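This report describes selected elements of secondary structure in one protein chain. The sequence and the coordinates are shown first, and the description follows.

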Amino acid sequence: MGSRQLVALAWLTLVLVAAIYVGQRFADATPLETDLLALLPPTEKSDTAEAAVRALSEQLGNRALFFVGHADPDQARRAARGFAARLEASGAFKRVTTAAPPVDQLALSNTYLPHRAGLLAPGDRDALSASSFAAETTLQRRLHQPFQTGIATDPMYDPFGLLQRWLTQLPFVRTQLMPSDGMLTVRDAQATWVFVMAEPIGSAFAATTQASVIAAVANAEAALRAETATASLLRTGAVFYGDAARRSAQREVDMIGGGSLVGALVMMWLLFRSLQPLALSLVTVACGIVCATAAVLATHDRIHLITLVFGASLIGEAVDYAIQFFAARLDAGTSWQAERGLTRLLPGLAVALATSLIGYGALTLTPFPAISQIGLFAFAGLAAAWLSVVLLLPLLARAPGTHDGSDVRLPQRLLRAWQDHATPGGVIALVVALVSASIPGWLHLTTDDDVRQLVVRPASLVEQEEGIRVLVGTPGGSRFFLVEGADDEEALRREEALTARLRTRVGQGLAGYTAISGFVPSAATQAAGRALLQRALPADKVAPLFDEAGLQNKAAEAWRDMLGSDAALTLREWLETPLAQPFRSQVVPTTSGTALIVILSGDDANLDLGSLAADLPGVSAIDKAASVSALLAEYRRLATLWLPFAGLIVFTVLAWRYGLCQGAAILLPTLAAIGIGLGLYGAAGVSLTLFSLMALMLVLGSGVNYAIFIVEAGVCAPASFAGVLVSATTTLLAFGLLGLSSMPALHQFGLLLLVGISIAVLFAPMALTLGRARR
């Protein structure tokens with residue numbers, strides 16, 4: 001066995017190992033990533049802020065919320081119980097809840113009773129500070145009111161109702177849901193709606209979890225419709241959005257991959273009229289896809305859906321190298337010798353690969369997970385497909401290829417017509433005219449860096465989510481504050497400084513907020529409250545009031561003991577209570593102190609969180625969407641600067657192979673395509689995004705290939721020129737289908753690639769007019 005055979009065998013072994021690795025990864029658990037946050041780079045100032053974003057995402061993400069509605073309240077409750085029972089019986093959920101959460105008032109008051117001296121509601125604090133607290137009147141009203149409102153406390157230990165009023169203002173989430181027959185319900189104009197919450201087993205972003213949840217919900221809904229035909233069902237949750245994104249991606253992979261494959265096979269059949277080129281070309285493409293998938297999974301653990309959809313479009317470009325190999329074999333006819341043919345083709349193929357890898361390499365180096373994965377997939381895929389052509393095809397396609405000339409007659413006529421009528425001066429004038437006509441479009445170019453271009457949100461799910469928000473009465477929002485301190489006490493003090501500002505904005509762009517310091521005031525605040533009570537209501541002052549009111553001596557003793565105690569409620573103590581369970585995700589573990597999350601509700605997008613946090617030590621306004629959008633804008637500006645530099649690198653590679661003049665002639669069609677494409681974008685009013693700039697990078701790297709292939713083939717190789725047209729058609733078909741993606745980012749990516757490469761292909765013969773063929 002010769003050295004070439006050994007190298008080919010080693011390569012096939014490596015591809016086989018990659019295929020086994022990919023198969024094993026998909027067999028164990030589908031490594032598809034549907035979590036939007038996983039697509040995004042770290043954007044916050046600290047790891048703690050990123051941990052806070054992740055904590056809130058996980059808390060909200062692993063819940064599925066349902067509302068079962070019916071015009072008859074009893075029917076609504078009965079239908080909700082049946083629906084919940086079927087969800088629970090499905091085995092897809094670890095917990096399904098329909099019962100209204102019990103409020104243990106005794107446990108609640110007992111938690112705070114030992115620390116009540118330092119717990120004062122803002123109104124009581126202000127009255128005590130201003131010496132306007134009417135102690136006797138308040139005591140009599142407290143003892144003789146016919147009904148107690150709010151959370152009940154024992155007058156013996158809370159004679160003035162100070163603790164009761166403090167408990168009443170605890171920042172529990174306030175909604176329109178009301179307990180009814182043991183269930184949370186809400187009524188609108190059409191129906192009574194009953195709340196059902198379910199927690200899936202496993203991550204909401206895992207494909208297996210999504211499949212089991214969707215099946216369980218579908219079965220439960222079918223039974224609901226069968227039993228109560230007039231019942232309605234609303235749902236929301238990350239598991240539903242994740243499943244919709246996964247299914248959409250799978251459809252697009254089938255459409256783009258299948259369309260690219262069928263188109264490539266049809267075009268290759270029209271040119272080669274033989275099954276061997278089709279089969280071997282598919283082998284090289286398969287090697288590229290397998291190695292690309294293995295490379296991504298080995299370095300990133302999971303593969304994003306956006307990468308998978310883009311990878312499907314890579315078929316059209318990866319097959320180019322095999323097409324050029326078989327086209328050269330067709331031109332050589334009976335004189336074909338595989339090794340000699342490869343030797344002649346190799347420099348051009350190497351230059352074409354290098355220019356493509358320059359474009360994809362730029363994507364790989366970005367710190368943006370979504371883009372770097374796409375770049376790595378394409379980089380590894382094209383390199384593997386190229387190696388498969390170079391190492392395998394000379395051994396598997398040794399026999400000459402024949403044709404009668406009819407298959408390439410039309411491409412040959414087109415090339416001859418161009419050569420007969422195109423002159424260097426005319427070509428330059430055409431480029432100048434078209435680029436000049438594009439200038440008005442350049443002047444109208446706008447930019448769009450909204451992170452939502454990465455998101456596909458089905459209209460039906462969005463409509464249901466909005467309906468649920470209206471029913472519950474809690475407007476959504478993704479912004480929050482992060483408060484960091486060296487210890488619990490410092491974090492609580494800093495949070496109190498923030499909430500003092502937030503209180504002034506409630507009703508003015510802010511519906512409300514939930515802060516841990518509302519449940520656990522800082523030790524300093526508790527000490528100040530105790531000192532205030534000691535001054536305003538000392539034991540010797542209130543004892544006569546208690547006697548007149550008929551309270552036992554025990555009340556005076558309890559008051560005296562309360563004022564004498566310096567025990568403050570601590571954050572760690574509070575976190576151990578059942579009351580803290582729903583709010584524990586707002587305390588973020590750190591290695592350097594304590595971090596607290598302040599959750600906002602109903603915050604107006606125009607509310608400037610940065611100004612509210614200004615000059616407050618340790619307080620940061622966190623807006624993940626705005627942070628990512630700002631980062632997209634920064635990357636877009638960097639990509640704009642990188643594009644000319646990448647062009648210089650491509651020109652250097654071309655000049656090394658072809659010389660300065662010929663290299664410039666080969667690059668000109670692609671530069672013209674970029675300029676004209678931008679002009680068309682501006683004229684059509686389409687905004688430029690980071691993904692548009694990335695597409696231009698690939699137009700630069702891949703669009704130049706067709707001029708390279710033409711120059712390498714020359715005018716006397718009709719099959720090779722036909723191969724260029726077939727290569728271009730398969731690439732355009734793939735990127736054209738990518739332009740049909742439902743994801744805005746991929747849609748823009750594919751659309752600009754389609755426009756840019758189309759123009760580059762049409763202008764590719766300029767390289768022969770302005771330069772010379774290699775043959």
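## Strand β12 and its partners

The model is predicted. In it, Leu-596 of strand β12 is the bridge partner of Val-483. The strand that runs from residue 480 to residue 485, β9, is joined to β12 by six bridges, and the two run antiparallel.

Strand β10, residues 512–514, also pairs with β12 in the antiparallel sense, here over three bridges. Within β12, Leu-600 is the residue that stands opposite Tyr-513.

Strand β11 covers residues 587–589 and runs antiparallel to β12, with three bridges between them. Val-587 stands opposite Leu-596 of β12, the residue that is also the bridge partner of Val-483. Four residues separate β11 from β12 in a hairpin, and Gly-593 in the turn adopts a positive phi of about 155°.

## Burial of β12

Strand β12 comprises residues 594–601, and six of these eight residues are buried; the strand is therefore largely enclosed by the rest of the structure. Buried here denotes under 20% relative accessible area.

## Helix α11

Helix α11 contains 26 residues, 275–300.

At the start, a side-chain oxygen of Ser-274 comes to within 3.4 Å of the backbone nitrogen of Gln-276. Just after the helix, Asp-301 has a positive phi of about 70°.

Methods: Residues numbered from 1 in each chain as written. Predicted model: local features only at pLDDT ≥ 70, side-chain atom pairs only at ≥ 80, totals over all residues. Heavy atoms only, no water. Expected span 1.5 Å × (residues − 1). Polar contact = N/O pair within 3.5 Å; in protein donor to acceptor, adjacent residues only side chain to side chain. Buried < 20%, exposed > 50% of the residue type's maximum accessible area, 1.4 Å probe, protein only. Pairing = 2+ DSSP bridges.
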